[in-house]
Amino acid sequence: MAFTVTINEETREIDAPGDMPLLWALRQELGMVGTKFGCGIGMCGACTVHLDGQAVRSCSLPLSAIGDKKVSTIEHLAQSEVGQALQQAWLDDDVMQCGYCQAGQLMSATALLNNNATPSDDEIDAAMQGNICRCACYKRIKTAIAQVSRNEEDTANV
Amino acid sequence: MSEATTLSRRTLLKVSALAGGGFALSATMPMVARAVGADAAAPAELTAFVTIAPDNTVTIIGKNPEIGQGIKTSLPMIVAEELDADWDLVKIEMADTNMAKYGPQLAGGSFSTPMNWMPMRQTGATARAMLIAAAAQQWGVPAASLSTEPGKVVEKASGRSATYGELASLAATMPVPDPESLVLKDQDDFRIIGRAIGGIDSPKIVRGEPIFGLDTQLPGMVYAAYERSPVFGATLVSADIDAAKAQPGVIDAFTVKGNGNPEELVDGVAVIASNWWLANRARSALKPEWDNGEWASHSTAGYAAKAKELMDGGQSAQTFGERGDMAAALASAAKVVTADYSYPFLAHVPMEPMNCTALMREDGVMEMWAPSQTPQGGLASVATYLGLPPEKVIVHITRMGGGFGRRLNNDYMVQVAAIAKEMPGTPVQLIWSREDDVRTDFYRPAGWHRFTASIDADGKMTGLKDHFVTFDLGESPFNPALMAPDTFPAKLMDNLLLQQDMMRTAIPMGALRAPNSNALAFVTQSFLDEVAQETGKDLPTLIMEIVEGVEPEPTTMGFTGPTPGFNPNRLRAVTEKVMDMANWGQPVADGRALGFGYYWSHQGYFAEVVEVSLSDSKQVQVHNVWCAGDVGNQIINPFGALNQVEGAIIDGIGQALQLAVEVENGAVKQSNFHNYLLPRMPMTPQIHVEWVKSDNSPTGLGEPALPPVIPALTNALFALTGKRVRSLPIDTSLFG
């Protein structure tokens, strides 16, 4: 069955069963491999994408459930100001070890800051606890998010 | 130069412009390079780590697989340092698998740094000497009058200089210097080593660019899923191949006959589809029948019961360490302490599930894109399996989404080779589900210990006995289920008796980050803490007593080159440092307590202090971890180094608190992240790390920070509650 989905502001045709998760359509029907496969059951967050700006697990989102909602992926993250700031913070703080989970971490972090520009420590924990980092770079991820958040706050106060 | 070993051994610096350490010239100069000695008949004898282009770009080969330990950045940093390169002009390229050209390529055992420290320095220094020689010839001056600044050769007297790019083609014609003649930099002059440099691939990672094994995409590629029995040792009786073939998107399905060796190939059914999700889904139609054989009755509960029976029986199969007279020490002891300890099987679960891409080419070459920690071993296994000469197997090394020891085994490489050979001309990407990964791993072995210590009337620990129950892994040269007789503190006991019983199992076992040590640190440092409590002192004091008067062991030739033996001064230094950092011995906040742990593994000395409390619901909360580490005289890349230590500490805390693999009816019960509970962000404590520099060559950091955090945590819980954790993961019902 063919689906028409808006991905990264482009209209894409996907010819695949409706119960195929978005993750596998992105990776293997469209060749967009930035979104990662980690668990397949929505427990690790490696496959996180944005659906109308909210963080969702693409491994558990069937194509048939997307409808008119807009999908945005790691490949498009630099198009958003917050996303770009987080990418830079990730590099400045040398957040990653293996890096495999980081696309999902960045997508979750961006959704968090888009919803709440100045999250508390606990709010960062709550928003990010769905994303596993097997290398356990959590301290740095948190620091990088807090850094971007502070910068946002500083800008807002100017 | 006394440290120089591996270079001469491996003839890495054969005389040739393309030789080891020297440089292959850029693509614009191939004839020059060829003319001066590339021996086309024996290209495998050449090695090339440095290429310099006319535009001054320096390309350095990253020789070892990158699993997140940072080696693709740090080894080229060492080369660039001695080359005196301008780091901003350095590009790093991942090597293909090639033993003859690059030497051993592996990511394991924290070996990469000690093994390559001197060869990488010499490689860089060789290239630098050839650039200086080229400038000397061009200017008609003695080489001794020249020096280098980042990216250029300079003559201080005249002020003239030439960039490396300008000199590269001439440098390629210079004779390759004898390694013994090389002058290495004074370490005080290092400009790149010791600088915090971000991971070389990180910019690609934050943009989601294809870089991991699973991101490999080839024209016409198909995807494979592999159905195998969850029961270890099972063989395939039958499967409904036609039913699988009838599923949507399925291109093919066929049985694969294994060879019974889980490190290579077990029986299974391959399902091929245009999309892996379709292939994986079609597995359910196979309804396979397995002959589970004798192993289907095995369980971890059964092993635990058997271990207790063996320990209670007292008659041990094998003595593996004995010194003095333990029986006499016990007979004359003023106090005897005895306790049973145990730890579970653990899985590795790197974030990137096992996968490999293979193409059986029409020219008879098997070409592979492999996320493997031991690509040379994988290449050999595939060649053997296919009956091909090794030169007919090409293995490209991809970046890996974690390793932790799982990818030391290359079963997925043989598996995809077995599938791809049935589909010549079609690239096949094999992907494992997370369930496949959790349930068919090479697990950290479980183990059981009954320790007994003798304490004399002066409160001195006089002897140690251990009845260890573990698993028989056959003839394996490296056995993660064993305890070495020189494990601390056994090696320093006047009276010692180490005995073990081996149980048979079909559960595959392998090395998990800090193998052996990740379990033995917990049991030995916890038991020592018990002994310390019984003698009215703290654990650091007891450890200092044990090493009192002990001389440093000599340096011996090990797998990675010259290897310093155990040095109690290094132990003392990290212990004193961390006690200072944590204010050990001073009052702590109400409801909190500190615990200490020390371990020496993978040539690194680590002492750690953990601060814990219990929540109202008796959940363990780790607030602070202080860590002092000694891995030699250089921290090559402080960014990566600190990241490794922070990650290892959280990894260890996760193991202590909530990780176990259980086996029932011959198969693993856990299956995914809902029942194999990795640490998540809210568990992250404050982590404080300081380095203790010692006069030793730098060694690896992937592993040695992990082992001590586990006993430091359980010892802290004892200090807090008076309850001793003797089994992992921590059962919080212990605390009421």
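## Sheet and interface

B:Leu594 stands opposite B:Glu611, a residue of strand E25 in chain B. The model is predicted: local features need pLDDT of at least 70 and side-chain atom pairs count only at pLDDT 80 or more, while totals for chains, interfaces and linings use all residues. Residues are numbered from 1 along each chain as its sequence is written, with chains lettered from A and ligands numbered from 1 in the order in which they are written.

E25(B) (604-614) pairs with E24(B) in the antiparallel sense, over nine bridges. Two strands pair if DSSP finds at least two bridges between them; helices (H or I, at least four residues) and strands (E, at least two) are DSSP runs, numbered from the N terminus.

Both strands belong to an open sheet of four strands in chain B, ordered E24-E25-E26-E29, with mixed pairing. Strands E24 (593-601) and E29 (686-691) of chain B each have a single partner strand, so one side of each is left without a neighbour in the sheet. From one strand to the next, the twist averages 15°.

Axes are lines fitted to C-alpha atoms, for helices over the stretch in contact, and angles run from 0 to 180 degrees between N-to-C directions.

| Helix | Strands touched | Angle |
|---|---|---|
| H18(B), 638-658 | E26(B) (620-630), E29(B) | about 135° to E26(B) |

Between the chains, 46 residues of chain A are in contact with 48 residues of chain B. Helices giving two or more residues to the chain A side include H1 (22-29) and H5 (138-157) of chain A.

Note on methods: Contact = placed C-beta atoms within 7 Å.
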